[in-house]
Every structure is written in structure tokens, then in C-alpha cells.
Amino acid sequence: MNVDTGASVASSTNNYSCPSAFTASVIPNTDDENTLSEIVQSVLNGAVYGDLSIAALKQFPGIKLELINQIPKQKYCFFVATSTLARKIVAQSEELGAFSAELIIEPGCLLEYVDLIPDRSFNIDSVITSENKQEFFIYCNQRKMYYNGFDKSNGCGAYFLAYANDPLGVTEPNMYLSYDATNQRLGLYNSKCIRPGMELFWEYDSSGKYWQGRDIYLHSEVWKRVVMKYPTLNRKNRRRIRDDDDTVESQVIGSIEPSNPSPVKRRRLQLVCSNKTAEVTQAPLFARSKFTTKDILECQLQSDLREIKTGILILQKGFGSFMESYQTISASICDTVLNIISHMYKRSNAVVNESFYADLVSSSRALGLINEVSNIYRSFDDMFSTVRRSSQYLDFIAKISSKTTDTLTPDTYDLISKDILTTIKRLWSEMDTLRWKDLVAVDRENKGYLKNIIFFYIVIIIFCRTHDALCFHINGY
Amino acid sequence: MHYVSISTATKIIYLLRTHFTYFHDFLNYADLGVGIPYLAGAVKSYFPHVNVLGVDLPDPIQIISEKLEVMPKHNKCAALTSVVFSSFNVISDVLRKDNLNVLNHLRNCQVITNFIGIVEANESIIKNVLPNSLCRIIMFRVTNVEIPSLHHDWLTRMKFALHPKRIKGSLALQVISCS
């Protein structure tokens with residue numbers, strides 16, 4: 001499950017449930033005359049919904065205007081229409097998706113709470129079938145409870161974002177699920193700036209467990225995407241056919257009503273699907289789904305953090321004695337110190353103040369890294385402020401803007417270069433220890449080793465025979 | 001089989017780090033003529049998110065695979081285990097149907113290092129891989145190998161430009177043909 005803060009989509013051994021993803025629409029496509037007349041009336045009144053007019057909303061294919069009245073608005077204006085993402089995958093898809101009707105600039109805003117309808121009766125061991133897709137359930141780790149995103153009384157989603165799809169690697173998610181510890185609520189937050197008319201996505205599950213067993217009703221193209229993103233699913237579906245499977249199959253084929261599906265039947269269907277998707281798993285050299293945007297950002301964050309730490313190390317070890325009076329020492333030392341500080345400042349400022357790493361706020365590990373940078377930044381804040389206000393620093397910044405830093409700082413004091421060297425040095429030393437440089441020689445050595453054993457064995461045999469002969473001669477004598 | 005020195009690898013990675021401000025822009029890397037995979041491993045250990053592909057002739061790839069198989073698990077060379085090594089001849093087999101998969105991946109690489117040092121190999125890469133590819137940086141070996149003006153012309157037509165900073169590196173050679 002992809003929710004690092006603790007909230008997660010329902011997970012267990014068999015069934016996983018969550019808001020809808022490229023599945024058949026559960027909302028009846030009503031042409032209710034009363035609703036339409038109301039909308040027409042509102043258009044006549046020049047009504048707007050969020051930042052969009054009703055006329056603009058009508059341009060969205062398959063828009064469910066009636067849901068705007070049925071689903072209670074929480075904070076922002078959203079609407080439900082045919083998913084653009086689903087149509088990218090399957091051209092004729094009528095799958096619904098959630099869209100924003102408002103501009104939400106700041107990332108990390110709470111869009112909607114999802115813990116509206118707790119469902120204590122939900123049985124995680126129940127079988128996923130075409131009739132019972134179990135798509136709208138979200139599990140909250142903190143409360144140990146399932147929440148149903150589908151309001152049975154109204155016959156529609158309990159909130160607009162219940163219709164938000166999983167992008168399945170086709171595009172980047174722009175929302176994430178998170179638990180607000182202050183208010184003790186589970187909600188969906190935006191990870192990016194949301195524009196009016198933009199479709200909203202979130203990754204249901206980082207492990208792919210949610211999708212297990214859903215191949216029985218998903219479109220083959222959608223299932224291909226699932227398998228491409230979670231190759232392990234395909235491997236899990238492969239299993240040997242047992243004898244009892246044939247009997248079960250014959251029972252199913254023989255039965256008139258295909259309803260009342262058993263767990264065994266579901267496994268059998270998975271087996272059939274695994275053959276279909278075999279071509280997908282052969283193709284890619286790399287499992288690209290392994291690295292999401294967050295992972296890549298986290299790599300960059302780690303790199304930035306390493307560089308900041310390298311800077312601190314150099315300043316403490318190399319220039320500790322000069323730090324108080326670096327301005328009065330030689331120009332080259334002064335420039336080096338200023339360069340290191342400017343580099344560190346640039347990196348830490350990017351991490352602490354800018355929104356570049358905003359996507360990582362949901363990851364506790366990344367949040368720890370950001371906090372680490374913040375702490376370092378705070379502990380050196382005085383030094384940064386003092387140095388950055390000095391005239392030498394301003395002159396230096398003007399100088400490096402016209403020249404490249406390479407010419408100013410030797411490699412030893414360049415943070416990036418130093419960090420790279422430190423990072424790869426470990427690999428180098430280990431590879432040297434394992435004698436990677438000596439690939440061919442190792443083979444030769446192995447052959448030589450065998451030769452030595454054979455030679456030693458022959459010597460022993462000869463020695464024994466000689467020894468026997470010698471004994472014989474002695475005895476004979 | 002060749003391998004780069006640690007300082008050369010640092011210079012190459014430094015160039016990549018400064019060129020790609022955002023890690024998002026650098027996702028795939030291929031080392032043609034990977035030899036002893038110091039550089040491929042170094043790139044993978046510094047950029048863990050990057051898909052690293054090492055291409056060489058079948059013999060070196062087999063040796064690398066054997067070495068990786070017997071390498072102890074969970075050591076500092078773990079980066080090497082996630083590098084994909086592929087064997088084919090970039091001069092003669094680049095357009096073979098069997099290698100279409102690798103060729104497609106090469107076209108998706110943002111960075112390609114080609115230190116094979118054979119003009120025909122350079123030409124094969126320029127003609128078959130670079131057109132319509134995502135490649136933003138390609139490195140050639142120019143010691144003892146002159147880049148023909150025709151190749152230079154092709155590269156400039158594909159909007160490549162000579163990098164102002166030339167990396168002075170050292171390639172150590174290990175002879176593989178001995179018995």
C-alpha cells in the first residue's frame with residue numbers, strides 16, 4: 001500500500017477494495033428531466049460551478065451533472081465525467097473519473113475527506129466478482145476500520161473523489177491519501193497544482209495488491225497496464241494446475257447459472273488471464289514501475305542532503321580554524337569557503353523553502369530527510385545569514401554568475417565532485433576486493449587451481465608407488 | 001576489456017549531475033562496450049533511480065554474468081546486480097530482430113557512453129540509435145580515434161553540439177584473448 005503515513009487501501013490476502021478504477025460505471029446514466037431542467041435553469045441564470053460555468057462543464061464528455069446536487073460539497077468544487085485517462089487506454093471506455101472545477105494552486109491542500117461512511121460489516125475475505133467488485137473501500141490503519149466510498153442510500157459516491165482513478169503509470173498521480181493526525185481524519189490531498197477541468201488521480205496501492213483478482217472484470221488493456229506496473233501480479237497468477245481444478249471447471253461449465261462463484265473459480269480465471277498477459281512481461285528490460293516520481297525525488301533529496309553534509313564536513317575539517325577569520329585569509333581560501341557556503345545554501349534553501357519536494361510530504365522517510373536538512377539549515381542559519389550579508393559574499397556571487405564555479409573551486413572542495421567520489425569509492429574498493437579488474441585472470445586462476453589439484457594428486461600417487469617400491473626394496477634387501 | 005579509473009568516472013558523473021538539474025530528466029543510461037562494469041556500477045550507485053544497461057560482446061557479458069553469480073549477496077556492489085547486461089554486436093547486430101528490444105531501450109536513453117573506440121561502432125550508433133531518440137548526451141572515445149567530419153555533421157544535424165568541456169580520462173585495457 002502506498003500510504004506511508006499509515007492510511008491505506010484495504011489489504012489482505014485475498015481481496016482489496018478501493019474507489020473505482022477503469023471499471024464499469026456504477027452510476028446510472030440518468031436523463032432525469034427534473035435535474036436537466038434545473039441545470040438549464042441554472043445556465044439561464046448564468047450560474048457557475050467553481051471556476052467553470054455550467055456551459056463549460058457540459059463540454060466534458062459523459063458529465064454527470066446530477067451528481068453535483070447529489071454529492072455534498074466539502075471544500076472544493078469537483079465533478080464527475082468520463083475519464084480522459086480511461087479513454088487513453090480504451091478509446092470507447094465509459095469509465096468515470098473525478099475532475100476539479102477549481103484552481104487549487106498550493107500542493108498539500110486537503111481536497112476531500114474520505115472517512116464519511118464507516119463499514120464495520122465489510123468482510124475482507126469475501127470474493128471479488130463482477131457483481132461484487134469491492135472498489136470503494138478504503139482501510140484506515142490508524143482506526144483499523146474500513147470506509148465505504150459508495151453511498152448506498154443515494155446510489156452514488158459518498159464524495160466526488162470516490163470516482164478518482166489510479167493512473168497505473170500512464171500519467172503521474174496528482175493526489176495522495178493521507179491521515180491528518182490533528183483532526184484524526186483520513187483525506188485526499190493534492191500533490192500538484194490543480195487547474196480547473198483537470199482530472200484527479202491517486203495511486204491506490206504501491207504494491208499492486210489492490211488489483212489482485214480484478215482481472216476477471218477489467219478490460220484486457222487495463223489489465224495489461226496493471227501487469228506492466230506490477231509485474232509480480234502476473235507471476236503470482238502463474239501456478240500449476242491441480243487435478244481438482246479440472247473437476248471444479250467441469251462443474252462450472254456444466255452448471256447453468258454461472259453465479260455463486262467460489263474462490264476456486266476465481267483462481268481458475270486468473271490462470272487463464274496469465275496466458276494473455278505473457279507478452280507484456282517479456283518485453284521490458286526494466287520494471288519501470290519500480291521507480292515512481294516520489295522515489296526519484298527522494299533520490300535527488302538524498303543527493304542534496306549528502307552534498308550539504310559534505311559541505312559541513314569540509315568546512316569543519318578543512319576550514320575549521322579559518323571560519324572565524326576567513327575574510328582576512330588569502331583570497332583563494334575565502335573564495336573556497338564562500339563557494340561551499342553558497343552551494344550549501346542553494347541546496348538547503350531548495351529543500352526547505354521551495355515546493356520542489358512537495359510531492360514527498362506524504363512519505364515519512366522523505367519527510368525525515370527534509371527535517372534533517374531543516375535542522376542542519378537551522379543550526380547553520382546564523383552562519384549563513386552572517387556570511388550572506390557580507391560584502392565579500394555579494395562580490396563572490398557576482399563573480400560566479402559570470403564564471404563557472406569549476407574554475408574557482410578545486411575539485412577537492414567541490415561538493416558535487418566530492419560527494420560523487422565518496423559515493424562511488426565504496427563500490428570501487430569493493431569491486432577491487434572482489435578482483436573485478438582481474439576478470440580473465442580469475443578464470444585462469446581457477447583453471448590453474450584445478451591443474452594444481454590434479455598435479456598434486458599425481459605426485460601423491462607417484463610418491464606412494466615409489467614409497468611402496470622403496471619399502472619393497474628395503475624388505476627385499 | 002577496458003575499465004575507467006575512479007577519477008574519470010567521477011568526471012563523467014559530475015558532468016551528468018550538473019547537466020541534469022532534476023533527476024526526473026535522467027532515467028535511462030546505456031554503456032556501450034561496458035567492459036568491466038566500473039562506470040555502469042558507479043552511475044547506478046550515484047543515480048539509483050536510473051535504469052542502467054550495459055552492452056558488450058557475448059564473451060565479456062558471459063564473464064560478467066558469471067562473476068555476478070558468484071558474487072556474495074548484500075555487499076557494496078549491490079548496484080551491479082540491478083544493472084542489465086545485454087550482449088550484442090553494435091556494429092553488425094544492431095538492427096537484428098532479436099535485439100529490437102535493446103535497440104528500443106537505447107533510443108530511450110538520455111545518456112549513452114560509447115568508449116568502444118571503433119569508428120564503425122560510432123557510425124552504427126549515430127545512424128541507428130540517435131535519430132528520433134531521447135539521447136541528450138553521448139560520449140565517444142577520441143583518443144587514437146578521430147571523429148570523421150561526416151559523423152560530426154550528422155550529429156550537428158541532429159542538434160547535438162560539442163560539449164565545451166572535454167573529459168580527459170583514462171581507460172585501462174585488459175586483454176581478454178589470452179587463454
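Predicted model: local features only at pLDDT ≥ 70, side-chain atom pairs only at ≥ 80, totals over all residues.

1. Which residues carry the contact between helix 6 of chain B and helix 7 of chain B? On the side of helix 6 of chain B they are Asn122(B), Glu123(B) and Ile126(B), and these meet His151(B), Trp154(B) and Leu155(B) in helix 7 of chain B. Divided by class, the contact of helix 6 of chain B with helix 7 of chain B consists of three nonpolar, two polar and one charged residues.

2. Helix 1 of chain B contributes Ala9(B), Ile12(B) and Ile13(B) to the contact, while helix 2 of chain B contributes Tyr38(B), Leu39(B), Ala42(B), Val43(B) and Tyr46(B). By class, the contact of helix 1 of chain B with helix 2 of chain B has eight nonpolar residues, with no polar and no charged ones.

3. The contact between the chains takes 25 residues from chain A and 37 residues from chain B. On the side of chain A that touches chain B, the elements that give two or more residues are helix 10 (293–318), helix 16 (415–433) and helix 17 (439–476) of chain A. Helix 16 of chain A gives the most to this side, with 12 residues. The residues of the side of chain A that touches chain B comprise 17 nonpolar, three polar and five charged.

4. Within the contact between the chains, how do helix 16 of chain A and helix 2 (residues 38–46) of chain B pack? Their axes lie 9 Å apart and the angle is about 135°, which makes helix 16 of chain A oblique to helix 2 of chain B. Helix 16 of chain A passes helix 2 of chain B in a right-handed crossing. From helix 16 of chain A, Ile420(A), Thr423(A), Ile424(A), Leu427(A), Trp428(A) and Met431(A) meet Tyr38(B), Gly41(B), Ala42(B), Ser45(B) and Tyr46(B) in helix 2 of chain B. By class, the contact of helix 16 of chain A with helix 2 of chain B has eight nonpolar and three polar residues, and no charged ones.

5. In chain B, five strands form an open sheet in the order 4-3-2-5-6, with parallel pairing. Strand 4 (84–87) and strand 6 (137–140) of chain B stand at the edges with a single partner strand each, so one side of each has no neighbour in the sheet. Direction ignored, neighbouring strands of this sheet are turned by 15° against each other on average. Inside the sheet, strand 2 (residues 28–32) of chain B and strand 3 (residues 51–56) of chain B pair in the parallel sense over five bridges, and Tyr29(B) has Val52(B) in strand 3 of chain B as its bridge partner.

6. Chain A holds an open sheet of three strands in the order 6-12-11, and the pairing is antiparallel. Strand 6 (110–113) and strand 11 (175–180) of chain A stand at the edges, each with a single partner strand, so one side of each is left without a neighbour in the sheet. From one strand to the next, the twist averages 35°. Strand 11 of chain A is joined by six bridges to strand 12 (residues 185–190) of chain A, the two running antiparallel, and Tyr176(A) stands opposite Tyr189(A) in strand 12 of chain A.

7. As for chain A as a whole, there are 17 helices and 13 strands, and 35% of its 477 residues count as buried. Among contacts in chain A between residues at least 6 apart in sequence, 73% join residues at least 24 apart.

Methods. Residues numbered from 1 in each chain as written. Chains lettered and ligands numbered in written order. Contact = placed C-beta atoms within 7 Å. Helix = DSSP H or I, 4+ residues; strand = E, 2+ residues; numbered from the N terminus. Nonpolar A, V, L, I, M, F, W, Y, C, P; charged D, E, K, R; others polar. Axes fitted to C-alpha atoms, helices over the stretch in contact; angles between N-to-C directions. Parallel < 35°, antiparallel > 145°, perpendicular 65-115°, else oblique. Left-handed = near helix turned anticlockwise from the far one by under 90°. Pairing = 2+ DSSP bridges. Buried ≥ 20, exposed ≤ 12 C-beta atoms within 10 Å, placed from the backbone.
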